[in-house]
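Please look over the sequence and the model shown here before reading on. The paragraphs after them are meant to be read with both in view.

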Amino acid sequence: MPVTIDARGLACPQPVIMAKKAIEENEQVTVLVDNTMAVENIRRLALKLVCGFSVAERGAGIWEVALVRTGPMVEAARDKSPGIEEGELSCAVPAGKEPDPFVVALSDNHMGRGDDVLGDILIRSFVHTLLQLQPRPDTIICYNSGVKLAVQDSAVLDDLQQLAQAGVDILVCGTCVNYFELGERIGVGHISNMYDIAETMAGAGRLLRP
Amino acid sequence: MKEQRYVVFLFPSVNYALKAEKILKAAGIVHKLIPVPRHISSDCGVCLRTTEDKQQDIEKELLGKVEWDKVVLL
C-alpha cells in the first residue's frame, strides 16, 4: 500500500523533507503538494535517490506526486539521512520574488561567552570568514558592543568594508553608537535605527548570531 | 605595480599568536590575525597574515621573543 503524505500548505523545504523521510521508510509514497516548487524539489530528490517519479495534477492547484523505490536505497543518500543537501533544494520563489534574506547579527564585539581575549580572536576570525561564506549574507547588523567592530581602528574594519563593497548592507545601531560615543569613528556601513533593525531581523530567512 | 602576495605565520598555539600580535602592534608593523586557511594544517586555529615584503621585518621583530612554527606563502 502506498503511503500518502499531505504536504499541502507547508512551506519549502518541508514537503521535500517529508517526502525523503517517507520514501526511506516505505516502498511507495504519494505526496500531495500545492506548488510546483515542491514538485520540482521532489523530482530532484527522486533523481538523487534513483527512485521512480510521476506527477499528476489533481486540479485546483494540487499535485499528486508518486515515488516508487526501484531498488535498494542508494547508500550515500541513506548515510546523509535525514539531512538534505543544499543542492537538492530550491526554495527560491521563481518569477521576481527575492528569497528571504540572510542576516548576520553582530551583537557583541566578542564571539561566545567565557573569555574575552579568546572571544576577541574568535569574532575577528568569524567576520573575516564571512567574506568567503557562500551564500554571502545580505545584511549585517551591528548593535550593542557589536558597533565597536565597525569603528575606524577596528581589527575587522577591512573585512567589513570588503563585505560592504561586495554588496552586503551593513546596519550600525545609532543608539549604540551614541551610547559608546563613537559617532565620528564609524568606518563602515550606515547608521540605522531600531525600526530598520527590528524589521530586518523579523524579515530574515536566516538569522545568524555568532 | 606588482601585486603583493600574502604569507602567514603559523604558531604552536593561540597564545603565541596573540603575543606576536602585541609585539607587532607595538612595532607598528601592518598585519592581520586570520583563521588558518583550510588547506594549511595547524593545531592553532589562528595565524598572522602579512604581505610578503614584511616577512623579514616580522621575523626580526619576533626573533627571541615568540616562537613560530613556519611561514607559508598563500
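What follows goes through the two chains in turn and ends with the places where they meet.

This is a predicted model, in which local features need pLDDT of at least 70 and side-chain atom pairs count only at pLDDT 80 or more, whereas totals for chains, interfaces and linings use all residues. Residues are numbered from 1 along each chain as its sequence is written, while chains are lettered from A and ligands numbered from 1 in the order in which they are written.

Chain A contains 7 helices and 9 strands, where helices (H or I, at least four residues) and strands (E, at least two) are DSSP runs numbered from the N terminus. Of its 210 residues, 30% are buried; a residue is called buried if 20 or more other C-beta atoms lie within 10 Å of its own, exposed if 12 or fewer do, and partly exposed in between, with C-beta atoms placed from the backbone. Among the contacts in chain A between residues at least 6 apart in sequence, 68% join residues at least 24 apart, a contact being a pair of residues whose C-beta atoms, placed from the backbone, lie within 7 Å.

An open sheet of 5 strands in chain A has the order 8-7-6-5-9 and parallel pairing, where two strands pair if DSSP finds at least two bridges between them. Strand 8 (190–192) and strand 9 (206–208) of chain A stand at the edges with a single partner strand each, so one side of each has no neighbour in the sheet. From one strand to the next the twist averages 25 degrees, with axes taken as lines fitted to C-alpha atoms, for helices over the stretch in contact, and angles running from 0 to 180 degrees between N-to-C directions. Strand 5 of chain A is joined to strand 6 of chain A by 4 bridges, with A:Val103 opposite A:Thr139, and to strand 9 of chain A by 3 bridges, with A:Val104 opposite A:Leu208.

Strand 6 of chain A sends A:Thr139 and A:Ile141 one way and A:Ile140 and A:Cys142 the other way, and all of them are buried. The largest nonpolar core, of 28 residues, has A:Ile141, A:Cys142, A:Ala150 and A:Val172 as the residues with the most contacts inside it; such a core is a set of buried Ala, Val, Leu, Ile, Met, Phe, Trp, Tyr and Cys residues joined through C-beta atoms within 7 Å. Among the elements of chain A that each supply at least two residues of this core are strand 5 (102–106), helix 4 (116–130) and strand 6 (139–142). Beyond its neighbours within four places in sequence, A:Ile141 is in contact with residues including A:Val103, A:Leu171 and A:Ile197. Apart from this core lies another, of 18 residues, among them A:Cys12, A:Val39, A:Leu49 and A:Leu67.

The axes of helix 1 (residues 14–25) and helix 2 (residues 36–49) of chain A come within 9 Å and cross at roughly 35 degrees. The residues making this contact include A:Val16, A:Ala19 and A:Ile23 of helix 1 of chain A, and A:Ile42, A:Leu45 and A:Leu49 of helix 2 of chain A.

In the loop between strand 5 and helix 4 of chain A lies A:Gly112, which counts as partly exposed because it has 13 C-beta neighbours inside 10 Å. Not counting residues up to four places away in sequence, A:Gly112 touches A:Gly119 and A:Leu122, and the C-alpha atoms of A:Gly112 and A:Leu122 are separated by 8.2 Å.

Chain B has 2 helices and 4 strands, which run β-α-β-β-α-β from the N terminus on, and 23% of its 74 residues count as buried. Its 4 strands form an open sheet in the order 2-3-1-4 with antiparallel pairing, and the edge strands are strand 2 (32–35) and strand 4 (70–73) of chain B. Strand 2 and strand 3 (residues 46–51) of chain B pair over 4 bridges, with B:Leu48 as the bridge partner of B:Leu33. Helix 1 (residues 14–27) of chain B lies across strand 1 (6–10), strand 2 and strand 3 of chain B, at about 35 degrees to strand 3 of chain B.

Where the chains meet, 6 residues of chain A are in contact with 6 residues of chain B. Helix 4 of chain A lies across strand 2 and strand 3 of chain B, running at about 75 degrees to strand 2 of chain B.

Notes. Contact = placed C-beta atoms within 7 Å.
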